[in-house]
Amino acid sequence: MPKIEDAIAAYTAAARVPTAGPEATGAGGSGFADLVKSATQEAVASIREGETAMQAGLAGKADVRDVVMAVTNAELTLDTVVSLRDKVINTYNEIIKMPI
């Protein structure tokens, strides 16, 4: 059972982590690029976990609930990625239509 002291310590540690604002990126200014890269890596990892759980479930080596949770998480991740892609494409098209 988790202890309240552990939760407080985790919250305090998280509060000390700098945000992805300009002061956290340093001179390189690669905060947004790092954010996109890490989000992409997390999405790929989530989808791979779903595939692995599905294969383990088909082989009878995994609990059904774990398989359903992993596949649902992968599906939600994929839906989010597709939605973001559509937003980026729509924004790009709107910028292209702007008069110069």
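## Terms and basis

Two residues are in contact when heavy atoms of theirs lie within 4.5 Å. The structure is a predicted model, in which local features need pLDDT of at least 70 and side-chain atom pairs count only at pLDDT 80 or more, while totals for chains, interfaces and linings use all residues. Residues are numbered from 1 along each chain as its sequence is written, and side-chain values use heavy atoms, with hydrogens and water left out.

## Confidence

The predictor's confidence in each residue is given as pLDDT, from 0 to 100. The chain has an average pLDDT of 81, and 71% of the residues score at least 70. Confidence is lowest in helix α2 (residues 22-25), with a mean of 50, and highest in α4, at 92; helices here are DSSP runs (H or I, at least four residues), numbered from the N terminus.

## Ser46 and Thr77

Ser46 belongs to helix α3, and Thr77 has its place in helix α4. Ser46 counts as buried because its relative accessible area is 9%, and Thr77 is likewise buried, at 16%; buried means under 20% relative accessible area, exposed over 50%, and partly exposed in between (1.4 Å probe, protein chains only).

When residues up to four places away in sequence are not counted, Ser46 touches Asn73, Ala74 and Thr77, and Thr77 touches Ala43 and Ser46. The side chains of Ser46 and Thr77 are joined by a polar contact of 3.1 Å, that is, a pair of N or O atoms within 3.5 Å, where within protein one must be able to donate a hydrogen and the other to accept it, and residues adjacent in sequence count only if both atoms are side-chain atoms. The side chain of Thr77 also reaches the backbone oxygen of Asn73, at 2.9 Å.

## The largest pocket

Thr77 is also one of the residues that line the largest pocket, among them Phe32, Leu35, Ala43 and Leu84. The elements giving two or more residues to this lining are α3 (31-58) and α4 (64-97), and the largest share, eight residues, comes from α3. The pocket has a volume of about 270 Å³.

By class, the lining of the largest pocket has eight nonpolar, three polar and one charged residues, where Ala, Val, Leu, Ile, Met, Phe, Trp, Tyr, Cys and Pro count as nonpolar, Asp, Glu, Lys and Arg as charged, and the others, Gly among them, as polar. A pocket is an open set of points on a 1 Å grid over the protein atoms alone, where a 1.4 Å probe fits, with protein on both sides within 12 Å along at least five of seven lines, and lining residues have an atom within 4 Å of a point.

How values were computed
Grid points are joined across faces, edges and corners, and a volume is the space filled by probe spheres set on the points.
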